[in-house]
Amino acid sequence: MSPLTAADSVLYSYSMSRISEAVTTAVPQGVVTLLFTDIEGSTKLLHRLGDDFGEVLAAHRNLLRDAFARHGGYEVGTGGDAFFVAFPDAAGAVAAAVEAQRALFGHDWPHGEPVLVRMGLHTGEPVPIDDNYIGMDVHRAARICDAAHGGQVVISEATRARLGSPPGVGFKDLGTHRLKDLEEPEHILQLVVPQLPEEFPPLRSVQPPTNVPHHVGGLVGRSREIGDLRSLLRTPTVRLVTVTGPGGTGKTRLAADAALEALDAFADGVFFVDVTQVRSEDVLATAIAEALDVPVAGDRPAKEVVGEHIGRKRLLLFLDNFERAVSAAPVVSFLLRSCGELKVLTTSRIALSIGGEHEYPLSPLHLPEDPMRASVARSEAGRLFIGRAAAADPRFELTEDNAPAVAEICGLLDGLPLALELAAAHLKLFSVDALLDRLGDRLKLLTGGATDSPERHRTLRGTIDWSYELLDERERDFFRALAVFDGGATLEAIVAVIGSEADAIDALTSLVNHSLVRRVEISGGDHRFTMLQTIRDYALELLEKDPELPTLRERHAAYYLDMLDRAREDNSDRRTELVGIELDNLRAALAWFAGRAEGGSRDDAWALVRLGALLGRYWYTHGMATEGSGWLERAIAMVPADPEPSRALAMRLLGVLKEQQRHTEEAAALFYEALGDYTQLGDLPGQAACLNSLGVVMRGRVDFDAAEDLFERSAEIRRQIGDEQASSSVGNLGLVALDRGQIERAMALFEESMQLDEENDDEWGIAVNTNNLGIAHLEAGNVDRARELVMKAIAACAELGEWEGLAEALEAAAGLSSIQGDPVRGGRLIGTARAIRTQVAMPLHPADRPRVERWMAGMRRAVGEEAFDGAVREGTRMTRDQAVAYALGRHSQGRG
């Protein structure tokens, strides 16, 4: 039977046959344990066996009925290849299920392989009606069975609670799962029985992954549109659907609901990507990669990495606010061509105009048919306005007296959701009639706008314009100036760029109340002030006509440069978080400095160098080496080649990004030039950093003597001046010792480096040293200590997003598997590491290759070339999260 239908068939369309030959008692009463069964893949088996399927089905029934009868089972019903049986006690039900599975696996089947039957048990008090049961306990048992796989027996927590320690039976906790038609999640366990299969895929109850936001307030109306989009997304020949319409039509909310409704049609997930800030193909591909949690680094174009990751996955991408990213539409075309099962849903004010696109124009909400209260309350536009009006003023209610005014407002606003929401918010200040008077005048004034713009766009513009006109002159100036921020801003930034704190607080309070600005909470209880993109576009259009724009952009860029400069005193985690939040503003600052520098401004050229240098580490640790290299190369080219601290830092960090991309010759040249500048400047920390980086290059060339000398010189300087980065040099010395087989020396150096990192709260350094120390213990034969350290390193690197460190830790875990005699697991772990290295374009380090190849050779000898290579291929198909779960989960089970 097909998934999720077998239990329904037993419940509603069964033959009512009984085990009457063995059990003649009435249906059990009170607390009973219910068992549902179903053959997995019975339809395929029928097509395969033809007429012989009847013999197989009869044997299956006889085996199960014998087992059920021996343990007091009462056959409530059958349907096709499924059973519904009740037992007076849980122990009997479990014993019957175990015996039935053993009989199925031990039977000599004519087609040469076992018939796989899923079984699910739940204990409760169903209501007996004649010789049947009704009630939620029946449905719960059925859904538990539906979630299982062939050969698997799963039980509810209620059943487990009535079992002690049944002989020969163990339990595996499968966690909590949501099941079809059940409001509350169910805690499910699996029976573990000797000589029966133990490993199964995840329960079928698990929904495909998604990050699509659930919008607060819900969708008003739109049932027809949801149906249309659902149908399009499920049509095999439709690959790209674009929901079009003017700003404020509700495209995002509609598309989000449609995407979530279609979730079950995309086994590999539905993923939301906000492309509001996207302006180029590279940025779009990177944004998609981030949503899919795919690391992008090195020389490979991001779109190729994403395309390779998606492959044949059945996946839906939901790209929102595409109108400003139309120039990047070729990325969508590339992915659709490259990924045969991929579908794309976009929202945009204009079509993407690429092959295979199905445009779905979104109309406004349905208007009231007449001004009567019932008609207004029934219409989509009326319902939205009423709901938002009540939120603005809890005293508001629709009456026969104000219904005509509400109906007219809905009509004047063309039923556009954003316009209705903005208008309703002003009921804090005006009655419905007063609102109508003001709104009507403004709309009439603006109906003669540009004839080539959509009608609804002109009315939306009128709504925003009207909100703008309600502000006093000071508030209007402030509203326009806020558009200088890209992606919002903190109060501190707003005060620094626009005006005093008192003025800013007053103006922001007014703008929030007028629904023109939103206050959103970020980590640590801080807040940012943002605009809807449509409203920011409106404000930016006004700002671009303002002579104050250059001054604001200059203050904006200067503020964000100073912000990062001040953040150097923060710990690395705080700096990383800060850059992530402000990345769009920082990109705008880079662009401003670059534009001014190209116009001949020497000061702005140096500002570009400083800002690029401050962003270098973020680019390095977030797979943005290509973008970072581009900015730094551009910046360095604009300033004189003279010794200067910020230029030297920019060169060194450019070298780091080049080394990350394995452009080692370019990296070495940059490090040597930076070292020369730092030497002339007398900058000891800079010299130490360059020596350390050159040591990394030399170790990559497998020149351990040169590498050790460079690391020693770097460490000596750093120790003398108390530089907290000494841990890096010491840890690198440990790597050279490890390369040379000096295990005890390597351990001591890693321990020393770890201690320094702990004193400095450097989580990245701790993670790297933890793995290096684990490898050293593995080489020394201290398997238990090595396992503890390597598993800790895997978890830490995954949490930090340290891709190369994660690959190294997974390779170390493979080494553990080799030593512990599990070559298949080791091969899979090698495959997971290989996949990550491919994604981030970071090949196995030359100095590490002999050790990893030694582990691999041992595993190949143990299991054979073909089996090992097959395990590696399995590993390469895992996602990063799956790889981490596999590495940690198997370890956890082994220790248990």
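Analyst: Contact here means heavy atoms within 4.5 Å. Please bear in mind that the model is predicted.

User: With that cut-off, which residues is H845 in contact with, leaving aside its neighbours within four places in sequence?

Analyst: On that basis H845 touches V696, R699 and G700. H845 itself sits in the loop between α36 (823–840) and α37 (849–863).

User: Is H845 buried or exposed?

Analyst: Buried means under 20% relative accessible area. H845 has 11% relative accessibility and therefore counts as buried.

User: How many residues of helix α18 are buried?

Analyst: Helix α18 spans residues 473–482, and seven of its ten residues are buried, so the helix is mostly covered. Those buried residues include F478, F479 and L482, and also E475, R476 and R480.

User: What caps the N-terminal end of α18?

Analyst: D472 does, with a side-chain oxygen 3.1 Å from the backbone nitrogen of R474.

User: How do the axes of α33 and α35 cross?

Analyst: The axes of α33 (residues 763–780) and α35 (residues 803–819) come within 10 Å and cross at roughly 20°. Angles under 35 degrees count as roughly parallel, which is why α33 is described as roughly parallel to α35. The crossing of α33 past α35 is left-handed.

User: Which residues of α33 and α35 meet?

Analyst: From α33, N771, I775 and L778 meet E808, A809, A812, G815, L816 and I819 of α35. The residues of this contact comprise six nonpolar, two polar and one charged. As a general idea, an α-helix has 3.6 residues a turn, so residues three or four places apart point the same way.

Key: Residues numbered from 1 in each chain as written. Predicted model: local features only at pLDDT ≥ 70, side-chain atom pairs only at ≥ 80, totals over all residues. Heavy atoms only, no water. Buried < 20%, exposed > 50% of the residue type's maximum accessible area, 1.4 Å probe, protein only. Helix = DSSP H or I, 4+ residues; strand = E, 2+ residues; numbered from the N terminus. Polar contact = N/O pair within 3.5 Å; in protein donor to acceptor, adjacent residues only side chain to side chain. Axes fitted to C-alpha atoms, helices over the stretch in contact; angles between N-to-C directions. Parallel < 35°, antiparallel > 145°, perpendicular 65-115°, else oblique. Left-handed = near helix turned anticlockwise from the far one by under 90°. Nonpolar A, V, L, I, M, F, W, Y, C, P; charged D, E, K, R; others polar.
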